[in-house]
Amino acid sequence: GAETIHVRRVGGAGDAEAATYAASFMKLFGGAEGAANWHRFGAILIMLSAAYHLFYLTFLASKKRLPLSMLPLPKDALDMRDNILFMLGLRKERPKFDRYMYLEKFDYWAVFWGIVMMVGTGFIFWFPAFFASWAPSWLITAALIIHGEEATLAILFLFVVHFYNVHLKPSIFPMNWAWLNGRISVEMLKHEHPGEYEKLKDQLK
């Protein structure tokens with residue numbers, strides 16, 4: 001009775017406050033219509049970057065320079081297991097990561113999966129009249145769920161995993177500069193990717 005009414009009232013007040021914040025935030029993008037246009041602009045940038053990257057991979061493949069070391073390997077599963085044991089204090093040494101560690105590979109391949117999901121479902125809401133004229137309702141509902149859940153998953157992974165490993169980790173802070181200049185210091189290579197260092201150490205002398 002009274003407790004239920006009280007909870008509902010608090011929830012209603014919270015919803016109203018959240019709506020006020022949301023409306024203020026949306027004004028930064030020019031309201032709902034402006035936010036939708038910014039959203040589509042971001043989608044275009046994602047599609048262009050994906051097309052460029054696929055073209056670049058095709059170019060590397062034609063020159064027989066495709067970095068196959070980015071492919072997931074059984075060693076990555078072992079490295080993940082050993083790294084978890086190391087972080088739990090159950091293993092004395094970190095795994096000897098190669099050129100790309102398992103988190104970097106996951107980060108890379110997750111983008112492929114994410115773009116397929118986000119762009120594929122996003123087109124349904126970009127052209128709603130066209131898709132609603134022939135697509136079953138369950139497909140549109142599924143697209144709505146997938147688009148929202150994939151976006152939430154991407155944001156969580158970006159801020160919880162990616163930002164720490166690329167920016168906030170003490171051995172890397174303020175960032176791993178390789179994403180800007182494609183270079184890594186010998187000391188960082190030795191610490192972060194000892195397996196790759198072992199392969200290249202004769203060339204680095």
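**Where to start**

In which helix is D82 found? D82 sits in helix α3, which covers residues 74-87; helices here are DSSP runs of H or I with at least four residues, strands are runs of E with at least two, and both are numbered from the N terminus. This is a predicted model, where local features need pLDDT of at least 70 and side-chain atom pairs count only at pLDDT 80 or more, while totals for chains, interfaces and linings use all residues. Residues are numbered from 1 along each chain as its sequence is written, and side-chain values use heavy atoms, with hydrogens and water left out.

**A look at D82**

D82 is buried, with a relative accessible area of 10% (buried means under 20%, exposed over 50%, partly exposed in between, with a 1.4 Å probe and protein chains only). Leaving aside neighbours within four places in sequence, D82 is in contact with R91 and P95 (contact means heavy atoms within 4.5 Å).

**The helix around it**

Just after α3, G89 takes a positive phi of about 80°.

**The whole chain**

Stepping back, the protein chain has nine helices and zero strands. Of its 205 residues, 20% count as buried. Along the principal axes, the C-alpha atoms fill a box of roughly 70 × 50 × 30 Å.
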